[in-house]
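Good morning, colleagues. Please look at the structure as I speak.

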Amino acid sequence: MSTVQKKLINDPLTVADELVEGLVEAYNGECRMVGTRSIVKNNIPDDKVALLVGGGAGHEPIYHGLVGRNLADGAACGDIFAAPPPNIVFEATQAVDKGKGTLFLYGNYAGDVMNFDLGAELAEDEDIDVRTVLITDDVCSAPPTDKGNRRGIAGLVPIVKIVGAASQIAPSLEELEKVAIKTNLETRSVGVSMSPGSIPATGEPTFIIDDDKIGLGMGIHGEPGVGEIPMTTADELTPKMLDLIIEDFEKDADVEALSAGDEIVLFVNSLGATTMMECLICLRAAKKYFTEKGIKIHDVVVGPLVTCQEMTGVSFSVTRVDDVLKKFWNMPCQSICFTKMSGHYGDLDAKHLTQSDSSAASSASASTSAAAAPTAAAEGSKEVLNTAQVRDMLLAVADKIIESEAILSEADRQLGDGDHGIGMERGMKAVKEALQGNEPVDIAKTFMDMGAAMMSSMGGASGAIFGTVFRAGGKAIKGCESFGAAEASTFFQEACNGVKERGGAKPGDKTMVDALQPAAERSVEVAGESLQDAMCAIAAAAEGGKEASKDMIATMGRAKTLGEKSLGKPDAGACSVAIICQTMSDYVAS
Ligand code: ADP
Ligand code: MG
């Protein structure tokens, strides 16, 4: 009997586009598709502060299912498990913004942050006011003292519900931002996983876990949590998970402990394949747990709303609601993901917003653009490429990466979520389309076009990061008439600076920077040699960096929660950098 999950799809690479098409049909006139892959509500009132959510697809019915009445105004949808690229974020922002500003509210994942930040920069260029609040409810992903680094998981449902209600009456973007910060602060989640989901494009599981084990604190993509525990019963597991939430409120100096007399909204989420039967059994255990502590459950949500394909597992999310948040919670709402029929607006008006406490630090985004200073070109390059050859070299890189999809996906499966090869493949197909058609006229522009094609087609961390390699590197050699060792050196140095500025990774964090930085450093030493010798040395340095990444403990990206378990395996992005450099070198040698 096959263990491969049977999925009813067409082309594995168009799953995200097709599901969004279906979503528009499901909304039946309430929402429309905007631009490449955004869902936007029809009839947004003219004076409303807009609320934009979004993230990778594959977790249906969130996020794009949370666009609706008294919920979000729009969602920017990425590919499967990949952040929406900046152009999609920008298109969605333009469509929802009514001149009073737009709040970006989404889960804290590096790829989402980079792409939404880039989208915010594009919107700000058009005089659209944007603020960002990151959802960071997963208590197992970082300690309370480092809350800003936590992932966003199922707590997004109560958070978007409450902020969506508040957005109906918010007098300003700043006031809405305060409600979002407060709701995020009062929302904490813990998840477990018992078996993985699989990526539609590869059929491969997102992680591996023994049949008799439960991953405690595991993320929605299967990111590791605090450890594995033996498989157990609903009644034993539920208090163990809820204890972590209670402890977290206790340990966090920014909030009061969760104690008798407090009221909460409780959300029991299935990660996909765990049945409603199991969720209800857990809910019953949770009710007993909170009743014994004197904590009142104001309302309950239960079901598979934040999923990861056919992953089995549950999460509990707790939002402490005071009188103000309770009123926002009580407001009816309607969407594909979550509908609440009962309740009323009550005496809620804009003055309630100004009473909200905003003790938490704002997570408003602030990305800066790379200011690349070209380094001195060394004299004496013996060989150079012309514009057409640069284009052909980059097409060779695209073909090689496409060919290496399985290797790159496998590397990402070891430490991340297994989608790196697919993302890179998608990017490189877009690169081929962008570069193949017309005769190239400019070397720098050819590199930059490659970067732009990757950014707008890939999404995810790698769309922003690898797109920046070619954009920042290309920009630094503007005006050059040939590509020799000196230009290669400038290219790699500024590509590396651009990536570090965009993503904040340092050498040693176990990212693609660990292959790119040695390549950039070596390029300076060989800038006076022939292009062939220089590229050969640069490729060797990138390969060495990739190999060295095996001995690093991840401190950035999805692998950072693995700690020492990340030892022994190379970073997936570093593998891509090594392949890119080697292919450039092979092209030059040929
Ligand atoms: P995602 O993380 O969205 O699933 P991919 O799997 O395509 O995206 O890419 C993961 C790779 O991206 C990692 O292996 C790492 O090399 C790179 N990466 C992630 N975050 C950063 C960062 N902040 N700076 C540099 N590289 C990063
Ligand atoms: Mg990945």
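D419 counts as buried because its relative accessibility is 15%, where buried means under 20% relative accessible area, exposed over 50% and partly exposed in between, with a 1.4 Å probe and protein chains only. D417 is also buried, because its relative accessibility is 1%. This is a predicted model, in which local features need pLDDT of at least 70, side-chain atom pairs count only at pLDDT 80 or more, and totals for chains, interfaces and linings use all residues. Residues are numbered from 1 along each chain as written, chains are lettered from A and ligands numbered from 1 in the order written, and side-chain values use heavy atoms, without hydrogens and water.

Which residues coordinate the magnesium ion, ligand 2? They are D412, D417 and D419, each through OD, at 2.0 to 2.3 Å. Donors here are N, O and S atoms within 2.8 Å of the metal, or 3.2 Å for Na, K and Ca; water is not among the atoms, so sites may look incomplete. Along the chain, the donors are spaced D-x4-D-x1-D.

A polar side-chain atom of D419 is 2.9 Å from an oxygen atom of ligand 1. For D571, a polar side-chain atom lies 2.5 Å from an oxygen atom of ligand 1.

Technical notes:
A polar contact is a pair of N or O atoms within 3.5 Å; within protein, one must be able to donate a hydrogen and the other to accept it, and residues adjacent in sequence count only if both atoms are side-chain atoms.
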